[in-house]
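Dear colleague,

I am passing this structure on to you, with some notes on what turned up when I went through it. Please look it over first and then read on.

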Amino acid sequence: MESVIDRACAAALYSDDDAGLDTGASLLAADPSADGELHRRGEEFVRRAWERGWQPADVVRTVRRELDETGAALAATLITAETARYGALPPRWADQLAALPSPAPRNRPDRFTYASALLELYRLLLRLPAVEPVGPPPGTAADDRHRPPAHGEPRMLTRIRALLAKAEATGFPEEAEALTTKAQELMARHSIDEALLAARTHSAETPGACRIGVDAPYEDAKAILLDAIASANRCRAVWNSELGFTTVVGFEPDLEAVELLFTSLLVQGTAAMTKAEAGQRAGGRRRTKTFRQSFLLAYAQRLGGRLAADTARVTAEAGGDEAAGGLLPVLAARDVAVTGTAERMFPRTTTARVRGATDADGWTHGTHAADRADMGRRGPGIGR
């Protein structure tokens, strides 16, 4: 005999209208004994998302984007319950789980509203498309490409995060520049050390990948900024505008650098944009949307040029160092490996036309903000 859960799901999950949701929610609201099975069904839908290449942060980001914060909290509840069944989780999952929103309470006075929200979430989960995996799903054999962190690496990353956090918080551009430059030096040294160590030990390590959310508004400018940071760190970036994320391909130390720098530079750029916009408003201007778009495009373009120049300079200096005479061939081999992996993962990519900058003041202020970020004029840049 067909269960209440089956009838509710059949009514709600395979239709596009609200009538199906209402029918399914009514069935569930009238039967409290179905609650346990209802949540187990949701965990099954989450597990299917893992099998299609999704990860916890991807699911929550998409649910928040397509539904709302309530849906994101419900998704966090299901994810927390589903992942608790595994003895070990893939790399990066622990950080993603720690960043989940607070789970939604199960007991609600309005059972109909709660059941309706769950069914709407389930409908979205079932319709998630397959995406290119960036690591093994939970419950599978460990992937040897993702080796455990080297001794001392967590302390290094903690120090880098602390430097960037201070750079984001300070109101003094010179202090932010010095802090960011120091963080870049640590990341550059760490990446070079890892590359040389892998070469000396004939490591079988191969490039991996991670996904980074690129959220509206002004997502095209943010994607350009992320692409520039990825390129400067010997990674490749592929933006999926429909799903709101960029996949970055590279070796693990470089992926970590891209994630940290993108977050920090976006925070710093947004703060500078807000300050510049306040000055524009004080002068009587109201074109905030075009100003912001132009500001962020200029910020991304100028930083991209500076990062590329720093990459060439630092690589040349490191290659000329007698102690690191084998560095250039090692970096060249890693570049080839990253490019090959990216092309295998994404054999069919296209270029995208982005909305241009139309506000001269926004462009000027964005360029100046990128200059103030000064990516390594006085020391090693983020390029390897």
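In the classes used below, Ala, Val, Leu, Ile, Met, Phe, Trp, Tyr, Cys and Pro count as nonpolar, Asp, Glu, Lys and Arg as charged, and the others, Gly among them, as polar. The model is a predicted one, in which local features need pLDDT of at least 70 and side-chain atom pairs count only at pLDDT 80 or more, while totals for chains, interfaces and linings use all residues. Residues are numbered from 1 along each chain as its sequence is written, and side-chain values use heavy atoms, with hydrogens and water left out.

Strand 3 pairs in the antiparallel sense with strand 1 (residues 208-213) over six bridges, pairing being taken as at least two DSSP bridges between two strands, and V248 is the bridge partner of C210. Strand 2 (residues 236-240) also pairs with strand 3 in the antiparallel sense, over five bridges, and there R236 has V249 as its bridge partner. Four residues lie between the strands in the hairpin of strand 2 and strand 3, where G244 takes a positive phi near 75°.

The second largest pocket is lined by 32 residues, of which A237, V238, W239, T349 and T350 lie nearest its centre. Strand 2 gives the most to this lining, with five residues. By class, the lining of the second largest pocket has 17 nonpolar, nine polar and six charged residues. (A pocket is an open set of points on a 1 Å grid over the protein atoms alone where a 1.4 Å probe fits, with protein on both sides within 12 Å along at least five of seven lines; lining residues have an atom within 4 Å of a point.)

Lastly, Y122 is in contact (heavy atoms within 4.5 Å) with L13, L38, H39, G42, F45 and L78, leaving aside its neighbours within four places in sequence.

With best wishes

Notes. Helix = DSSP H or I, 4+ residues; strand = E, 2+ residues; numbered from the N terminus.
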